[in-house]
Amino acid sequence: MSDHVYAYGVLEQQDLSLTVDGVEGATELYTVDYKGLSVAVTDIETTDVERSDENVQAHDDVLQTVLTHEDGRTIVPMSFGMAFKNARTLKGVLRGARRAFRKALNDIDGTVELGVKLVSTGDGDPPDLSEVRDRLSSVAINETDDDLFSDRLLLNRSYLVAREDQAAFGAVIDDIEAEHEESVLVKYTGPFAPYNFVDIQIGAEGR
Amino acid sequence: MFIVDDLLVRPFVSLIGILQAMAINELFDRSELHDQLKENQLLYELGERSKDEYETHKAEIEAELELAEEVQSRLSGRVEVKG
């Protein structure tokens, strides 16, 4: 049995204990605390985590579980693969990045990330994309640029939305889908922890 | 004469090396392959590709990606071309 821990994300300090389907089959999520911050972790046998589809999905699922647990909570997500030798090493990293995590927590407090893809069906008249973007932006706090990795994609953005505006955002999506059902398929995903709206780099030397 | 010949030919040899590296970079474009992986996932999620088709495409693209990474890593020690 190793002391290694796998980190999912950072929260305001709190006691959190959940049963999850975690990375490498871990089931018990708990927190490692440091000066007002908590990191959601599970135990793990290795610090070299395999980037399999299952593990990546588990990482996302755990973040989503924390994000939506009870009334929901704000979590600064860590990128996949953040396994640390032990809790003490992790606290060392928190010590170095405390200000960055604190700022990120403030920046995304009370928000979730939502994903929207508009995919062309090849039929009908395409929507006015600038009008679609304006409608989505009007209920969002922030958004990413388009990542048009396929010729079929007309729009592919992530939106930072206040929790209380999530229903309004969903209603805009429903309207767009209804108005353009012949010409576009709408893929609406989330809520996610706001991956695309925080940028904290933790080097391998810290682990 | 040898020195003069060498000076005259060297720019062309260098240019050929750069063109060759550019061609290889284009042939083994990792970002394009990553985009293909994402497109494959999208088409599967939209129900336009079956699970079998999705997995076959994914395995093919991942094999190409592995080859591209190997070629790029071998090349990186010799010629670096920044686009």
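Begin by selecting Ala58(A), His59(A), Val62(A), Leu63(A), Val66(A) and Leu67(A), the buried residues of helix 1 of chain A. A residue is called buried if 20 or more other C-beta atoms lie within 10 Å of its own, exposed if 12 or fewer, and partly exposed in between, with C-beta atoms placed from the backbone. Helices (H or I, at least four residues) and strands (E, at least two) are DSSP runs numbered from the N terminus.

The model is predicted: local features need pLDDT of at least 70 and side-chain atom pairs count only at pLDDT 80 or more, whereas totals for chains, interfaces and linings use all residues. Residues are numbered from 1 along each chain as its sequence is written, and chains are lettered from A and ligands numbered from 1 in the order in which they are written.

**Helix 1 and its cover**

After the helix comes Glu70(A), with a positive phi near 50°.

Next, display what covers the buried residues of helix 1, including strand 1 (5–12), strand 3 (28–34), strand 4 (37–43), strand 5 (76–77), strand 7 (111–120) and strand 10 (184–192) of chain A. Contact here requires that the C-beta atoms of two residues, placed from the backbone, lie within 7 Å.

**The two domains of chain A**

Colour chain A by its domain assignment, which gives domain 1 (5–109) and domain 2 (111–195); such bounds come from an automatic or database domain assignment. The C-alpha centres of domain 1 and domain 2 of chain A lie 28 Å apart. Ten residues from domain 1 and eight residues from domain 2 of chain A take part in the contact. On the side of domain 1 that touches domain 2, helix 1 of chain A gives the most, with four residues. That side of domain 1 of chain A divides into five nonpolar, four polar and one charged residue. Ala, Val, Leu, Ile, Met, Phe, Trp, Tyr, Cys and Pro count as nonpolar, Asp, Glu, Lys and Arg as charged, and the others, Gly among them, as polar.

Two strands pair if DSSP finds at least two bridges between them. Strand 7 and strand 9 (residues 153–162) of chain A are joined by nine bridges in the antiparallel sense. To inspect one bridge, pick Gly115(A), whose partner in strand 9 of chain A is Ser158(A).

**Chain A as a whole**

Zoom out to chain A, which has four helices and ten strands, in the order β-β-β-β-α-β-β-α-β-α-β-β-α-β from the N terminus on. The C-alpha trace of chain A spans about 60 × 30 × 30 Å along its principal axes. Of the 207 residues in chain A, 31% are buried.

**Chain B and its contact with chain A**

Finally, select chain B, which has three helices and zero strands. Buried residues make up 2% of its 83 residues. The contact between the chains takes six residues from chain B and five residues from chain A. The side of chain B that touches chain A has two nonpolar, no polar and four charged residues.
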